[in-house]
Amino acid sequence: MRNDTDTGTDTGAGADLDTGTRRVRTESPLRGRIALVAGATRGAGRALAVELGRAGATVYVTGRTTRERVSEVGRASETIEETAELVTAAGGTGIAVPTDHLDEGRVRALVERVDREQGRLDILVNDLWGGEHLLSDSVFGKKSWETPLADGLRILELGVRSHVITAALALPLLVRSDAPLHVEVTDGTAVSNRRYRENLYYDLAKNAPIRIAFGLGEELAEYGGTAVAITPGFLRSEQMLGHFGVSEENWRDAVAREPAFAVAESPHYLARGVAALAADPDRAARWNGKSTSSAELARAYGLRDVDGSRPDAWGYFEDVVYGGKGGSADDYR
């Protein structure tokens with residue numbers, strides 16, 4: 001399950017969400033809030049930006065692929081301009097800012113722009129990655145010493161260094177908020193990632209955001225803030241759909257090739273959970289410093305995916321794939 005479209009029904013702006021203790025009204029609950037989704041070109045990042053916008057937020061969306069330039073990911077079909085337009089169409093205000101988050105100067109300029117235009121930041125989402133193209137050929141199935149060193153170090157740059165740079169430069173603006181929220185997006189929870197993630201570089205890249213959220217949870221506590229690490233399950237991102245040669249409309253055709261794909265989820269499943277978390281006044285007590293998943297957020301806030309299901313990919317892998325229990329992926333929808 002890797003992190004790397006915009007379909008479906010209304011996610012909950014104007015609906016009631018079950019928080020576990022009470023039901024809260026979500027009619028534009030983030031109206032007036034300022035969010036930055038770093039890495040919003042496609043996949044979970046795009047959906048996160050759209051759902052925050054649907055909840056009423058002003059969302060700055062960043063990434064390296066624009067209508068004029070394609071990043072090393074090599075996909076020209078998704079751009080940050082398109083993401084910003086989707087945010088606005090959903091009911092928020094989308095603002096596209098081309099940014100390479102490994103370039104300290106560009107990130108400083110981004111933060112200065114948000115400061116100049118808004119005076120604060122309420123929600124920071126670190127969904128920076130873009131390393132899928134390095135995995136199949138260079139990483140998976142190889143020992144660390146067999147992995148091309150340049151590719152391994154690039155994975156750490158994309159999955160760790162970019163997160164650290166962005167957090168370091170944006171947090172001084174974030175703590176001006178009356179309720180700062182920092183979200184680290186990764187692949188796997190603290191529980192699921194107790195298992196080795198196939199390759200040393202990938203393991204480091206996907207565990208680091210969990211520790212970043214844990215550490216920042218300690219630092220943000222005095223500001224009434226929340227830091228949380230989140231993960232989707234088996235994500236039906238544009239890149240994964242392309243890998244299997246299917247679309248969102250016929251994604252189940254890929255199950256014949258990969259049976260576990262039967263438990264796959266749309267990017268909006270995780271995004272709905274994060275939007276609900278961002279609107280939760282008790283989020284610090286419930287989530288600060290923790291690692292959670294799309295399925296756990298869906299259970300906590302009474303949410304479902306775009307097809308009405310509630311997939312639990314990590315539960316399926318824990319119970320069936322690794323635990324040897326009987327059952328199929330469809331049992332975990």
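Author: Ala229 stands opposite Ser291 in strand 9. Please keep in mind that this is a predicted model.

Reader: How many bridges join strand 8 to strand 9, and in which sense do they run?

Author: Strand 8 and strand 9 (residues 291-293) run parallel and are joined by 3 bridges.

Reader: Which helix goes with strand 7 and strand 8 in a β-α-β unit?

Author: Helix 6 (residues 200-220) does, and the unit is right-handed.

Reader: Is strand 8 buried or exposed?

Author: Of its 6 residues, 6 are buried, so strand 8 (residues 226-231) is largely enclosed by the rest of the structure. Thr226, Val228 and Ile230 point one way, while Ala227, Ala229 and Thr231 point the other way.

Reader: Back to strand 7 for a moment: is Val185 buried or exposed?

Author: Val185, which is found in strand 7, has a relative accessible area of 3%. The cut-off for buried is under 20%, so Val185 counts as buried.

Reader: How far apart are Val185 and Glu85?

Author: They are 100 residues apart in sequence, and their C-alpha atoms are 22 Å apart in space.

Reader: Let us turn to the nonpolar core. Which residues have the most contacts inside the largest one?

Author: Leu52, Val59 and Ile230 do, in a core of 40 residues. Helix 8 (residues 267-278) gives the most to this core, namely 8 residues. Apart from this core lies another, of 22 residues, including Ile95, Val107, Val114 and Leu174.

Reader: What does Val59 touch, leaving out residues up to four places away in sequence?

Author: Val59 touches Ala35, Val37, Ala49, Leu52, Gly53, Val87, Thr93, Gly94 and Ile95.

Reader: Now the pockets. How much space lies in the largest pocket?

Author: The largest pocket holds about 440 Å³ of space. Its lining has 23 residues, and Thr189, Val191, Ser192, Asn193 and Trp314 lie nearest its centre.

Reader: Which element supplies the largest share of that lining?

Author: Helix 11 does, with 4 residues. Strand 9, helix 10 (294-301) and helix 11 (313-321) each supply at least two residues of the lining.

Key: Residues are numbered from 1 along each chain as its sequence is written. This is a predicted model: local features need pLDDT of at least 70, side-chain atom pairs count only at pLDDT 80 or more; totals for chains, interfaces and linings use all residues. Side-chain values use heavy atoms; hydrogens and water are left out. A nonpolar core is a set of buried Ala, Val, Leu, Ile, Met, Phe, Trp, Tyr and Cys residues joined through side-chain atoms within 4.5 Å. Buried means under 20% relative accessible area, exposed over 50%, partly exposed in between (1.4 Å probe, protein chains only). Contact means heavy atoms within 4.5 Å. A crossover is right-handed if, with the strands pointing away from the viewer, the path from the first strand over the helix to the second runs clockwise. Two strands pair if DSSP finds at least two bridges between them. On a 1 Å grid over the protein atoms alone, a cavity is a set of points where a 1.4 Å probe fits but cannot get out, and a pocket is an open set with protein on both sides within 12 Å along at least five of seven lines; lining residues have an atom within 4 Å of a point. Grid points are joined across faces, edges and corners, and a volume is the space filled by probe spheres set on the points.
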